[in-house]
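Hello,

Please find the structure below. My notes on its aromatic rings and one of its helices follow.

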Amino acid sequence: MTAPMKTPPIVSPQAWEAARTDMLLKEKAVMRARDALAAERRRMPWMEVNKAYAFEGPDGQASLLDLFDGRRQLIVYRAFFEPGVFGWPDHACRGCSLGADQVAHLAHLNARDTTLVYASRAPQADIGRLKMRMGWEMPWVTIKDSFDADFGVDEWHGHNVFFRDGDRVFRTYFINSRGDEAMGTTWSYLDATPLGRQEVWEDSPEGYPQTPTYKWWNWHDNYVAGAAPDKKWVEVSDAGEATFRKTDE
């Protein structure tokens with residue numbers, strides 16, 4: 001017989017609000033620490049990628065530079081889908097698939113000059129079939145050389161982050177293991193990039209692109225040049241912390 005759950009105490013609304021306020025203070029401290037960590041990440045040294053890497057996409061051969069799709073930032077997630085992986089050929093790795101199910105609409109990332117690409121060793125025909133079955137829409141390429149071994153994802157999943165300066169490519173960050181659990185939202189991806197969210201409240205190095213908070217947010221089918229958000233936003237003070245609220249003006 002299963003032992004009964006030992007649940008927390010049942011309290012009054014006033015006591016619940018007090019407990020929640022105490023917890024909120026701790027949550028805000030974690031949030032600020034996470035913001036500070038992202039700011040430090042934006043100051044990480046870069047490593048230039050001088051080796052040419054080959055991939056295959058639905059339209060044929062592609063280089064690492066091609067994967068940027070004209071944008072300045074690139075995140076490549078190594079997903080395990082290939083012979084020998086549990087679930088093959090009907091499914092990719094269960095953990096990688098759980099992550100794929102959480103990927104936010106890519107239009108928001110693209111609006112911040114950032115491209116997300118999945119990469120596996122499965123042939124393109126199998127990748128296309130899997131994407132259709134699972135309803136996934138992210139670009140997904142086939143690894144054709146030592147990219148996975150060179151970037152720490154030959155035997156384990158992980159996100160490699162790159163920055164493009166003209167034709168030069170730099171590796172700027174790497175997230176794997178439990179760090180991958182937090183990935184999937186627009187914010188988690190942008191916080192891993194060298195340019196960050198590119199909003200004015202962020203602590204970024206001088207000269208980094210930054211725009212007013214919320215002003216760039218849009219419907220995922222409405223990211224066009226000059227498109228205006230549906231509301232105006234004004235900055236307000238919340239115990240010394242910058243926050244924003246909507247107005248109908």
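Is Phe-163 buried or exposed? At 9% relative accessibility, Phe-163 counts as buried (under 20% relative accessible area; exposed is over 50% and partly exposed in between, with a 1.4 Å probe and protein chains only). Trp-46, at 34%, counts as partly exposed.

This is a predicted model, in which local features need pLDDT of at least 70 and side-chain atom pairs count only at pLDDT 80 or more, while totals for chains, interfaces and linings use all residues. Residues are numbered from 1 along each chain as its sequence is written, and side-chain values use heavy atoms, with hydrogens and water left out.

The whole structure holds 16 aromatic pairs (rings of Phe, Tyr and Trp, the last by its six-membered ring, with centres within 6.5 Å; planes under 30 degrees apart are stacked, over 60 edge-to-face, the rest tilted). Trp-46 and Phe-163 have ring centres 4.9 Å apart and planes at 40°, so this pair is tilted. The two residues are 117 residues apart: Trp-46 is in the loop between helix H1 (13–41) and strand E1 (47–48), Phe-163 in strand E7 (residues 158–165). Helices (H or I, at least four residues) and strands (E, at least two) are DSSP runs, numbered from the N terminus. Tyr-53, Phe-55, Phe-147, Phe-151 and Phe-162 make up one aromatic cluster.

In helix H5 (residues 124–134), the buried residues are Gln-124, Asp-126, Ile-127, Leu-130 and Lys-131. Their arc around the axis (taken from the directions to the C-beta atoms) is only 160°, which puts them on the same side of H5. Exposed Ala-125, Met-132 and Arg-133 are on the face turned away from that buried side. Just after H5, Gly-135 has a positive phi of about 75°.

Regards
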